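Please look over the structure shown here before using it in any calculation. The briefing is arranged by topic, beginning with the chain as a whole.

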Amino acid sequence: MSESRIKRAEIAIEQAHVDRVYVRLAELRAQAEAMRARGYELGHGAQREAVFEQASMLYERDMMVFHANQTLQTLDAEYEGLVFGRLDHIGSETVYVGRLGIRDAEFNNLVTDWRAPAAAAFYQATAEEPMGVVRRRVIRCSGQSVLDIDDDVLMPEAVPDDMNVVGEGALMAALGRSRGDTMRDIVATIQKEQDEVIRAPWRGVTEITGGPGTGKTAVALHRAAYLLYRYRRQLGGAGVLVVGPSGVFTNYISRVLPSMGETNVELRSLGQVLDGLDATRHDPAPLAAIKGSLRMRKVLSRALRDTPPDAPTEMKIVYKGEVLRLNAKELDKVRRKVHGHGHPPNRSRVRAAEALLEALADKAEEYASADGRVIDRAELITELGERLDFHRFLVTWWPVLYPAQVLRWLGDERRLARAAKNVLTAEEIALLSRSLADRDREWTVADIALLDELRVLLGPPPKRRRRGRVETEPEHSPDGSRRRPEHYDEYSHIVVDEAQDLSPMQWRMVGRRGKYASWTVVGDPVQSSWPDPEEAAKARDQAFGPHAKRRRYALRTNYRNSAEIFELASRVVADHARPDDLPRAVRTTGVRPQIRRVEPDALENAAQTAAKELLDAVEGTVGVICAMDRVPEVERWFSDAEDRLKVVGSLDSKGLEYDAVVLVEPTELITESLTGRRVLYVALTRATQQLTVLASDDAWLTPEK
């Protein structure tokens, strides 16, 4: 029988099994829909029952509807490519591996969940350690149709006479496929070194380092899915948070976890970690370095202790016909005394009232002593403490403070200079105050960590009262799941991607969300855009906690870039990395990157021409990468471009990948960042197939002396 006929016959065998799986999937879906309908019927019936029985039935209804919806959501999420693997063990035992575990009506196993121990051999077995696997087969499907199969023989001596072997291996075939707008899951092509990380113990801190294209982001996301499957009871209730470098990145990875049935994981960019805000704008590197430094803790702490700009500078109140006065200096002394207790200002108004009353009593005693009189101190404090005019003064002198309000104060250079004395230089004070002075300007990504720091330092504002009741959030969401409070800090597991770029202040912000969490931390020091790694490491260690067990894994194979593209990227970062810090690219295409010398006034036409060439050459996406401050201009160049083309700034390109890339003015990427060539290295490693560089100079190619 010819090879093509053998392959068609084997595909038919797998199609028969896949058909059986989808028939069972339809049965399970029908059962879940029936459960949901029954839940709604219970709700209608509850309206006719006694109050106690009604509450019980409504609870039962909510639980039935919730679980039915969860089941339907999982079945729908896993519909595409449900079955992707098969293991043939010694003794003819066959295990099918897929996105979801499915049994037939008699409880016979049709598909084993990829996260289950029984599926581990699909990723871990090798020719050296076959784990009893004779043949490993990757099944590629579209919807319910089997399109292709690829086999690996791990025990040639044990292959039965009637076992057919087809294909060239799944991984390299997957690498050659075009990219779309979102990251694909890699459940069918996880490699052994990646699987070891995915299945590592959940407690403590798991650190994953690896260069571009090593799959570290995909591994971290698959690890989150595996942990939720394996330790659902320990992790599922409190939830998992994934923090990425940008909104562009979180959009890119947004389909990975839902495609594996995990829909309750929160994805947030660094500009979204603080509830209610979504910052996308980046500060220039020198300014971001100031805002991200741990020195800002002291500046912010001092700033909130300063007198609010609109606070009165004198207090006058009449007591028994006598005017008691506190001047600005005396009021400042009272303010310092209250802050000296170290409590958040928004929790200190009662202390402020007590301190003001004590100061007024001191003033009254001073006046009385001069006249030879004696006053009843306790009576004065009680009477003034009940006066409306006293409380009116108090709320203006000691107002409720909000993080955005306090941070905006620092746009006043004199006020900032007081808060930053002996902490920031005069040049840093001028730069920071200018950035905060514009009240119409949107918050930047670096500002979010400062606002979160102030949120904690200030304490929560008093809850608003409405009709005699304190306003509270509903306990449950519309889908029946428990609603998490604002600024939730009890996540069970946190994934941090591109961790090498987090500033110390950002580590503090993320750390607050993980007080009780285990961690998966993904990064590559060679790609770092943060200039002081030691300061960041200190803040990172504090976020993890002093007793967290640490385990480290290094991924060393670059699956993304062709060897030709990665050779160029390695050249520009050679002075910043040891050879062992760089991964090994395993795929060659024979297509070398194109470097085109272009005059500045011809960049637009050159970029449009290069992009058209690449769109014609590849089936997937084309990225146009430029310096951050050039993005609006380059977006105008491609305002009418097709959807496959994406314009992205250097910092926002982190973690992304495209079939082809046009890189505009590489020297600008070096000069805009405090870590220079490391940012250029990132941009050069986004392409999987083809790369065109447009440069008006050769400085970026010249190694630093």
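Residues are numbered from 1 along each chain as its sequence is written, and side-chain values use heavy atoms, with hydrogens and water left out.

**Confidence**

- The mean pLDDT of the chain, where pLDDT is the predictor's confidence in each residue from 0 to 100, is 86, and 86% of the residues reach 70 or more.
- Over residues 170-176 the pLDDT is below 50, although this stretch has 14 contacts in the model beyond near neighbours in sequence, a contact meaning heavy atoms within 4.5 Å.
- Where pLDDT is low, the predicted coordinates should not be read in detail.

**The chain as a whole**

- The secondary structure comes to 26 helices and 23 strands, which are DSSP runs numbered from the N terminus, with helices being H or I over at least four residues and strands being E over at least two.
- Of the 705 residues in the chain, 51% are buried; buried means under 20% relative accessible area, exposed means over 50%, and partly exposed lies in between, with a 1.4 Å probe and protein chains only.
- The accessible surface comes to about 33700 Å², and 49% of that surface belongs to carbon and sulfur atoms; the areas come from the Shrake-Rupley method with a 1.4 Å probe, and for residues only the protein chains shown count as cover.
- Among contacts between residues at least 6 apart in sequence, 74% join residues at least 24 apart.
- A search of the whole structure finds zero disulfides, a disulfide being a pair of cysteine sulfur atoms within 2.5 Å.
- Cysteine 141 is buried, because its relative accessible area is 14%, and cysteine 626 also counts as buried, at 0% relative accessibility.

- Helix 18 (residues 426-437) has twelve residues and reaches 16 Å from its first C-alpha to its last, close to the 16 Å expected at 1.5 Å a residue; the expected span is 1.5 Å times one less than the number of residues.
- The buried residues of helix 18 include Ile429, Leu432 and Leu436, and the buried residues of this helix pack against helix 10 (285-292), helix 11, helix 16 (403-409), helix 17 (413-419) and helix 19 (445-458).
- Helix 21 (residues 533-544) likewise has twelve residues and reaches 16 Å between its first and last C-alpha, close to the 16 Å expected.
- In helix 21, Glu535, Ala536, Ala539, Ala543 and Phe544 are buried, and these buried residues pack against strand 7 (205-210), helix 11 (295-303), helix 20 (504-512), strand 15 (518-523) and strand 16 (550-555).

**Buried polar and charged side chains**

- Threonine 217, found in helix 6 (residues 216-230), counts as buried because its relative accessibility is 10%, and a polar contact of 2.5 Å joins its side chain to that of aspartate 497; a polar contact is a pair of N or O atoms within 3.5 Å, where within protein one must be able to donate a hydrogen and the other to accept it, and residues adjacent in sequence count only if both atoms are side-chain atoms.
- Aspartate 151, in strand 6 (residues 145-153), is buried at 5% relative accessibility, and its side chain makes a polar contact of 2.7 Å with the side chain of arginine 137.
- Aspartate 195, in helix 5 (residues 192-198), is buried at 0% relative accessibility, and its side chain makes a polar contact of 2.7 Å with the side chain of glutamine 124.
- Aspartate 195 and tyrosine 123 are 72 residues apart in sequence and 6.1 Å apart in space, C-alpha to C-alpha.
- Arginine 677, in helix 26 (residues 677-684), is buried with a relative accessible area of 5%.

- Most residues other than glycine have a negative phi.
- Glutamate 498, with a positive phi near 50°, lies in the loop between strand 14 and helix 20 and is buried, with a relative accessible area of 3%.

Note on methods
This is a predicted model: local features need pLDDT of at least 70, side-chain atom pairs count only at pLDDT 80 or more; totals for chains, interfaces and linings use all residues.
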